Amino acid sequence: MSQHAEFNRPSAPQAPQPSPARGPARHAQQAQPSPSDVKRWRQYLADERAEAAVYRDLAQNRQGEERDILLALAEAEGRHEAHWLGLLGDRAGKPRRASLRSRMLGFLARHFGSVFVLALAQRAEGRSPYAKDPNATDAMAADEQIHEEVVRGLATRGRNRLAGTFRAAVFGANDGLVSNLSLVMGMAASGVASSVVLLSGIAGLLAGAMSMGAGEFISVRSQRELLAATRPTQVTLVAAPKLDLEHNELLLVYLARGMTQEAAEHRVAERMGLLPCDCDPSLSLQPELPDVEDQHEAVGTAWGAALSSFCFFASGAIVPILPFLFGLTGIAALVAAGILVGLALLVTGATVGLLSGTSPLTRGLRQLAIGLGAAAVTYLLGLAFGTVVA
């Protein structure tokens, strides 16, 4: 990572000084480094201290393997810190203050430890300047590349835990924002009274939320049923002892499941009792056992997805009608609705960008363009419809 930051927490225990990063710098150092070199090294030093602090803070909210991984990352950042301390010597000076973004990242890490922090850390690790800095070692540049993949793996675990319900929530909120804004814009453009626009918006909210909830329930339930239908059963354990030794189709079962001819014949011999044990475990998938349900399955639960879709569609759909609820009418109400929905679209787009490890600004602007574009088209259609009716 290369966020320009450092966290000053005097009460925190001091970690032991790590050994410097392995490998020589790419170019021999001058006897007296330039002021720009010292400034850059001090910034790197502050960055490494800040990054190590973030990983330690994240580790406090984790257990087991994830905690160990995060602490190991913090120790690795300490090696880089020692490298810059060695170059700076007595020029290290007073620790630099963290940037606003880094302080916010540290606050989130200390108090929440969410997947958003890991996603931000992943992006930061990917922007490390060490690959092009002549004073960093090749090992340090390689470390940063590996750190990005480690953080990506940890962030992926968090994304998988959020995937099913979060997908329904994001899609529900965006659907509510865009569809109800479009409905309100279209109705207002047709020339009807503001009270009719408000009633139309409320009707769109209720109808859309019910439709989204029911649709998500059916979608996820159907997907789970399809997955269940493709999972192999244990019928071979019961039927195999009763099969004719010479005339049976047990071999076809394993071939259909994707096993090679050799492995399938080996499994048939096991099931028919011709082999007393797994004589060649490399050819065996082991006895069929019920699959342990993945508690973090990306599909999510049907009820969870339905409830998320209902609530988030409603929370998004209410935004365009808020100005009408508070008494605004005409163009003022439409402008206020557009601004509110635009801000909400920026937030949802940025959230998706953070979780996906991409630019929050790019994703937010994309959501904004799509949402307001759809509303603008509907407004033009409403104008045309109102003219025809009139």
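**Exercise 1.** Identify the residues that make the nonpolar surface patch of about 610 Å², and classify Leu325 as buried, partly exposed or exposed.

*Solution.* The patch consists of Leu199, Ile202, Leu206, Ile318, Leu325 and Phe326. Patch members have over 30% relative accessible area and no salt bridge, and nonpolar side chains (Val, Leu, Ile, Met, Phe, Trp, Tyr) are joined within 5 Å. A salt bridge is a side-chain nitrogen of Lys or Arg within 4 Å of a carboxyl oxygen of Asp or Glu. Areas follow the Shrake-Rupley method with a 1.4 Å probe, and for residues only the protein chains shown count as cover. Helix 6 contributes the most to the patch, three residues; helices (H or I, at least four residues) are DSSP runs numbered from the N terminus. Leu325 belongs to helix 11 (residues 322-325). Its relative accessible area is 44%, so Leu325 is partly exposed; buried means under 20%, exposed over 50%, and partly exposed in between.

The model is predicted: local features need pLDDT of at least 70, side-chain atom pairs count only at pLDDT 80 or more, and totals for chains, interfaces and linings use all residues. Residues are numbered from 1 along each chain as its sequence is written, and side-chain values use heavy atoms, without hydrogens and water.

**Exercise 2.** Locate Glu66 and determine its burial and its side-chain partner.

*Solution.* Glu66 is part of helix 2 (residues 64-88). Its relative accessibility is 12%, and therefore Glu66 counts as buried. The side chains of Glu66 and Arg62 are joined by a polar contact of 2.9 Å; such a contact is a pair of N or O atoms within 3.5 Å, and within protein one must be able to donate a hydrogen and the other to accept it, while residues adjacent in sequence count only if both atoms are side-chain atoms.

Notes: Helix = DSSP H or I, 4+ residues; strand = E, 2+ residues; numbered from the N terminus. Buried < 20%, exposed > 50% of the residue type's maximum accessible area, 1.4 Å probe, protein only. Patch = residues over 30% accessible without salt bridge, like charges linked within 9 Å, V, L, I, M, F, W, Y side chains within 5 Å.
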